[in-house]
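Take a look at the model below. We will go through one chain, then turn to its partner.

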There are 2 protein chains.
Amino acid sequence: MAQIKSIEQVIHDGAKLFMPSVSVDCVIFGFHDNQLKVLLLKMKGADQWALPGGFIYRDEDIDEAASRVLRERTGIQDIFLKQFHVFGQPKRSDKKFHLNMMKKDGIKVNKDNWIIQRFITTGYYALVDFQFVKPTPDFSSVSCEWWDLKDIHELFMDHKNILDRALETLRLQLNYQPIGYNLLPEKFTMPELQKLYETILDKSLDRRNFQRRMSGFGFVKRLKETRQGGAHKAPYLYSFDLKKYKKALEEGLQGGW
Amino acid sequence: MAQIKSIEQVIHDGAKLFMPSVSVDCVIFGFHDNQLKVLLLKMKGADQWALPGGFIYRDEDIDEAASRVLRERTGIQDIFLKQFHVFGQPKRSDKKFHLNMMKKDGIKVNKDNWIIQRFITTGYYALVDFQFVKPTPDFSSVSCEWWDLKDIHELFMDHKNILDRALETLRLQLNYQPIGYNLLPEKFTMPELQKLYETILDKSLDRRNFQRRMSGFGFVKRLKETRQGGAHKAPYLYSFDLKKYKKALEEGLQGGW
């Protein structure tokens, strides 16, 4: 597989190297300083930010293409990526916009070139450990950065819609699957776990209800240690019971039949 | 949109009419005589059965393509189709097999024709009311029939894998979402609902646990009527509380945060 180094190379070799009409886009979530973060790329030739994405090599599995994008943009691998939706509206690719964008960047492209076509994209999302990510731009971008979710109002093409849909999937997932592993440190306090849920849901939750419900699910366990050093009474530390966590991931929080 | 009437037409006009490399496949489930059924097509030129599927017109939304397939094969519309997975392994399309299949059917096709390419397919599934379906074959098939799920051991290409994955999604869904509307008559007995769950899960469930759990979910309500005419004590009839059913579909059976 030839690695792509420039837009010119995609224009010249894309039709030969890649599947026509299909792409992947990855919504990479991280959690840091009590903020839900999303990894974005600043596009060349457009004053816009985009989700990391890519094409699928002629002999490449689509899931591997998504993993490759994640690996190349973050430096991490073996992270679970979840397909969440296929975006296949005819109007999502705007030929004129793309032609203009490339023109602005000084790139000449024929309007029947491979890159100026309708693409159907498969959205994937991943929850990654913020501290291990080394954001790395690709051939189409000048930088790669974490953005606070709340600051993202507009993105390239339909990427805001893709991000919103990923977030919706993640929020639904909170109702029937556990979350937090990969996003929180190994040991955490109940308020920290609650803050994660509140950040994803973008609303406050009642402390007692949260604690009761979380205990009922059984995938967090209270440790004997407490968090030292605060001004208040030292709060208990918790960690995930990975066996129960994994079971709840597979069966849902209700358990299997 | 030109309707496709023959394989020859696809070979001749496919590249012009349809998106390259992408398709949809639909797993259409029904429930009848206490059996979970799947709608299948018997292929021309191959002694094999396949899932109903199709291509995506150049200016068509991918979800609309799936709805069109469902509509054309069943005669029903406005049924909720759910994307469940994208199948994008390079080896899923076997060129030789397709060339041979067409040859057997007396069709000449060049090996670089549009139809002899790698396709990435999006799987959709639907739960439909068996009694309203009029199975209708398409241009590539000689018949369209309901099969008992338990009798399906092998299918065209990777369609058995697609079916298995749809079934897996459906089984997981039982753990966190309600099911039964569209599949059961308006009024049903608790044993009938249990039988539906048992059929989808392919295992027996304890009667009391099932009843307790189902009551706890709150989306079925007991009516004042009983089912008359059996040899035993007349069992109570139930129906779905559609408001609660819909809420549980949206939030999961645990409810929202």
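How much of chain A do buried residues make up? Of the 257 residues in chain A, 54% are buried. Keep in mind that this is a predicted model. Here, buried means under 20% relative accessible area.

Now trace the fold. Chain A has 7 helices and 9 strands. Its C-alpha atoms fill a box of roughly 65 × 45 × 30 Å along the principal axes. Next, check which parts of the sequence touch. Take the contacts in chain A with a separation of 6 or more. Residues 24 or more positions apart account for 73% of them.

Chain A exposes about 13000 Å². Carbon and sulfur atoms supply 48% of that area. Then come the charges. Chain A carries 40 positive and 33 negative side chains. The centres of these two sets lie 4 Å apart.

Now bring in chain B. On chain A, 40 residues are in contact with chain B, and 40 residues of chain B take part in return. How big is the interface? The size of an interface is often given as the accessible area lost when the parts come together. Between chain A and chain B, the buried area is about 3400 Å². Carbon and sulfur atoms give 59% of it. Three residues stand out on the chain A side: Arg213(A), Gln254(A) and Trp257(A). Together they supply 28% of the area that chain A buries against chain B, more than any other three residues.

How many salt bridges does the rule find across the interface of chain A and chain B? The count is 0.

Conventions
Residues are numbered from 1 along each chain as its sequence is written. Chains are lettered from A and ligands numbered from 1 in the order in which they are written. This is a predicted model: local features need pLDDT of at least 70, side-chain atom pairs count only at pLDDT 80 or more; totals for chains, interfaces and linings use all residues. Side-chain values use heavy atoms; hydrogens and water are left out. Helices (H or I, at least four residues) and strands (E, at least two) are DSSP runs, numbered from the N terminus. Buried means under 20% relative accessible area, exposed over 50%, partly exposed in between (1.4 Å probe, protein chains only). Contact means heavy atoms within 4.5 Å. Accessible areas come from the Shrake-Rupley method with a 1.4 Å probe; for residues, only the protein chains shown count as cover. Lys and Arg count as positive and Asp and Glu as negative; His and the chain ends are not counted. The place of a charge is taken as NZ of Lys, CZ of Arg, CG of Asp or CD of Glu. Buried area is the accessible area (1.4 Å probe) that two parts lose on being put together, summed over both. A salt bridge is a side-chain nitrogen of Lys or Arg within 4 Å of a carboxyl oxygen of Asp or Glu.
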